[in-house]
Amino acid sequence: MAADEGAVAVETVPGPTRRPILPKMTRPNSPPAASSRNGSPPPRLSGWGRLFQPGRQVLSEDLERLTEGAVLCRGLGRSYGDSSLPPASHPEVAGTTLADRILDFDVTSGRIRAEAGLSLFELNRLFLRKRWFTPVSPGTQFVTLGGMVAADVHGKNHHQKGCFGEHVRSLRMRIASGEIVTCSEEENRELFLATIGGMGLTGHILEVEFALEKIPSPWIWCESERIRDIDDFIRGLKEAGPDWPYTVGWIDCISRGSSMGRGILQKGRWAHPYLAPSKPPAFKKRFTVPFEFPSWVLGRPTVQAFNTLYYWKHVSRFQKGILHPDSFFYPLDMVNHWNLIYGKHGFTQYQCVMPESSGRGAARRFLELLTSKGGASFLCVIKDCGAEGRGMLSFPKPGISIALDIAVRPDTPQLIDALNELVIREEGRVYLAKDAFTRPEDFAAMEPRLAPWNQVRRRWDPEQRLKSAQSIRVLGDSE
Amino acid sequence: MKTVILGGTRGMGRAVARALVERGDSVFLLGRQSSDLEKCAKDLEHRSAGQAQVPTAICDLEDPSGFDAALDAADEALGGFDTVVITAGLFGTQEKLEEDPEFARRMLTVNFTNTVVFCENVRRRLLERGGGTLCVFSSVAGERGRKPVVLYGSSKAGLSRYLEGLDHRDREKGLVTICVKPGFVKTGMTEGLEPPPFAGTPEQVATRVVRALSRGEPEVYTPGPWRFVMMVIRCLPRFVMRKVGF
């Protein structure tokens with residue numbers, strides 16, 4: 001190791017100091033560590049990736065009471081890793097989902113104030129037919145407003161509209177001291193900026209105020225295109241950017257060589273009323289995955305078959321037409337509990353952003369590394385990001401973001417390490433809301449903003465009362 | 001429909017209130033806390049099909065002396081209500097109720113005595129105007145005497161019998177009585193309990209209850225599978241019930 005002088009800093013960290021991360025997580029089938037009084041296994045919680053850890057969730061309509069003395073809030077648990085999981089020392093999170101009242105809505109400006117547990121699903125159900133839509137929407141509607149602020153979510157319109165945090169007017173929070181404060185650009189600005197993208201670690205978000213956007217119709221005009229390789233993809237995204245509010249790409253990340261990074265590029269905008277159906281979009285019937293699939297189901301052959309099929313399903317090179325907003329924004333929401341297809345070992349999502357400065361080659365280098373390591377993924381999403389948000393720890397920055405789902409196998413931590421190494425070299429960073437395996441030293445190397453953010457956090461929480469399993473794993477919090 | 005909801009600020013009552021305003025009904029909220037009521041009323045107004053107002057009044061099942069005033073206020077605001085939904089009630093695990101006899105007394109009084117007193121008040125009012133609908137949330141816990149819900153179950157058993165009797169006697173006169181028996185529903189009330197199979201959501205219950213209100217069904221098990229679960233449990237002989245732990 002010591003002789004390896006040419007390697008970058010992270011590679012020279014001696015092996016033994018890198019503590020293994022995987023064994024810390026308990027698996028659904030592993031025997032419970034300890035049994036509670038009545039003999040049933042202790043309660044466990046997980047993020048969307050189904051990597052379980054001990055913990056329980058307490059729910060109440062009364063969020064103010066619920067957050068008294070709480071260490072962490074959890075919304076709908078759609079972060080993939082351990083962002084919404086409590087620390088082992090205090091295995092209880094405050095679940096916000098029952099606190100979902102709309103407190104104020106201004107029909108002229110679209111300004112809305114609601115409790116943090118209100119879901120985007122509910123918001124869309126109520127407001128889409130009235131032609132109002134959230135300024136920024138992530139890829140699932142099963143998220144709460146509190147979660148959207150805490151992760152500072154971004155969506156298909158990031159290149160034009162930035163993150164959700166850009167559109168938040170104010171937050172009402174219970175801070176670590178127990179006090180309830182309001183923060184915004186004008187008031188407690190420091191807390192406001194640290195909370196946007198702050199993973200719920202700066203205080204408990206009780207209420208969120210932001211502005212909905214008026215849309216011409218509740219239907220989407222979508223044009224899609226089959227793309228040959230990664231370079232065309234990045235070019236296509238960049239070219240579509242100025243004209244299309246929503247752009248995103250799906251990549252077949254198994255194919256190698258000349259067709260590496262082939263996929264489908266989707267561009268969309270709200271349809272003009274004269275093009276859109278006169279009826280509001282109907283509630284779409286959803287499928288449910290009935291049980292946990294065996295782990296082999298999502299092996300390489302299945303993924304390869306799916307990817308090839310999906311690519312060639314787009315028969316003509318160009319397609320266009322009216323789409324149901326759910327099909328455009330939330331294709332995966334069509335299947336309830338789709339995380340069960342990854343089987344008992346669960347899965348993780350790896351999402352990183354590579355800055356513009358590292359050039360177009362960065363995405364190609366990333367895919368080369370991924371395919372050489374044999375990483376197979378159903379879902380690989382590519383998106384060009386716009387300007388960095390005002391949130392102190394907000395994930396996106398100008399460049400290309402790539403997100404892929406990875407079934408957890410014994411060698412997954414090594415794969416994540418290798419990908420992280422490349423991302424550090426390219427001066428990119430990873431998204432905490434998706435992360436389950438990144439090492440603290442790697443995250444620190446990616447994130448020069450971590451220290452200033454931690455300083456603000458300490459000012460508002462000097463005794464370090466608020467923490468999560470993730471903050472202990474990655475951000476250096478004490479147990 | 002012009003509906004009064006007691007307990008519409010929380011859990012299943014909140015979901016029922018939302019389902020009703022979304023289909024355009026007029027709703028009047030009764031609850032214990034004015035600030036909570038106000039927020040819930042605002043929420044309902046923003047969800048309503050039109051820009052309906054949702055008036056409110058204080059009413060606490062622990063204080064029967066306030067029932068008349070609360071129902072008067074509802075009558076005035078709605079111009080004579082035709083439907084009353086009661087979802088309010090107290091819950092405690094058997095352990096907690098045994099540890100705290102005062103809480104057990106309160107629970108028994110609220111869930112049975114005071115709920116029945118409230119229903120009687122509503123019954124008189126509705127019969128005077130030629131009828132209406134009284135929909136009360138009881139529980140599947142009242143179907144059999146069971147080990148984990150000896151006290152809570154008995155309060156709900158009494159309530160279920162009262163509602164059944166009322167329905168038999170007054171349906172001819174135009175008063176429709178609906179007894180809702182929710183199985184395990186994931187709300188703040190059941191928090192901390194391990195959800196059994198067929199655990200439902202408040203929204204599921206609300207959809208079912210709204211349908212029952214339109215059809216005037218006398219008895220509603222919700223979520224659906226609980227009808228069959230309870231059918232089996234009702235048939236179990238005593239010696240089996242004594243052996244099993246549920």
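Trainee: Where is Pro223(B) found?
Mentor: Pro223(B) sits in the loop between β7 (219–222) and α8 (226–235) of chain B. Helices here are DSSP runs of H or I with at least four residues, strands are runs of E with at least two, and both are numbered from the N terminus. This is a predicted model, where local features need pLDDT of at least 70, side-chain atom pairs count only at pLDDT 80 or more, and totals for chains, interfaces and linings use all residues. Residues are numbered from 1 along each chain as its sequence is written, chains are lettered from A and ligands numbered from 1 in the order in which they are written, and side-chain values use heavy atoms, with hydrogens and water left out.

Trainee: Is the peptide bond from Thr222(B) to Pro223(B) cis or trans?
Mentor: It is cis, with omega near -5°. Most peptide bonds are trans, and most residues other than glycine have a negative phi.

Trainee: Which residue other than glycine has a positive phi?
Mentor: Asp152(A) is one of them, with phi near 40°. Asp152(A) lies in the loop between α3 (145–150) and α4 of chain A.

Trainee: Is Asp152(A) buried or exposed?
Mentor: Buried, at a relative accessible area of 0%. Buried means under 20% relative accessible area, exposed means over 50%, and partly exposed is in between, with a 1.4 Å probe and protein chains only.
Mentor: Arg131(A) also has a positive phi, about 65°, and is not a glycine. Arg131(A) is in the loop between α2 (120–127) and β8 (132–133) of chain A. At a relative accessible area of 35%, Arg131(A) is partly exposed.

Trainee: What does Ser217(A) touch?
Mentor: Leaving out residues up to four places away in sequence, Ser217(A) touches Arg131(A), Trp270(A), Ala271(A), Pro273(A) and Ala276(A). Contact means heavy atoms within 4.5 Å. The side chain of Ser217(A) also reaches the backbone oxygen of Ala271(A) at 2.8 Å. Ser217(A) counts as buried because its relative accessibility is 4%.

Trainee: New topic. Which residues touch the most other members of the largest nonpolar core?
Mentor: Phe164(A), Tyr350(A) and Phe366(A), in a core of 109 residues. Such a core is a set of buried Ala, Val, Leu, Ile, Met, Phe, Trp, Tyr and Cys residues joined through side-chain atoms within 4.5 Å. Helix α10 (residues 412–425) of chain A gives the most to this core, six residues. Apart from it lies another core of 37 residues, including Leu30(B) and Phe118(B).

Trainee: And how many salt bridges are there over all chains?
Mentor: The count is 60. The rule asks for a side-chain nitrogen of Lys or Arg within 4 Å of a carboxyl oxygen of Asp or Glu.

Trainee: Show me one. What does Arg429(A) pair with?
Mentor: With Glu388(A), at 2.9 Å, N to O. This pair links distant parts of the chain: Arg429(A) is in strand β22 (residues 429–430) of chain A, Glu388(A) is in the loop between β20 (380–385) and β21 (399–407) of chain A, and they are 41 residues apart. Arg429(A) is buried at 3%, whereas Glu388(A) is partly exposed at 40%.

Trainee: What about Asp75(B)? Which residue does its side chain meet in a salt bridge?
Mentor: Arg125(B), at 3.4 Å, N to O. Asp75(B) lies in helix α3 (residues 67–78) of chain B and Arg125(B) in helix α5 (residues 101–128) of chain B, so the pair ties together parts 50 residues apart in sequence. Both Asp75(B) and Arg125(B) are buried.

Trainee: Now the interface. How many residues of chain B are in contact with chain A?
Mentor: 19 residues of chain B contact 24 residues of chain A. The two chains bury about 1800 Å² between them, 40% of it on carbon and sulfur atoms. Buried area is the accessible area (1.4 Å probe) that two parts lose on being put together, summed over both.

Trainee: How many salt bridges cross the interface of chain B and chain A?
Mentor: Five by the rule. Glu122(A) and Arg47(B) also meet in a salt bridge, at 2.6 Å, N to O.

Key: Polar contact = N/O pair within 3.5 Å; in protein donor to acceptor, adjacent residues only side chain to side chain.
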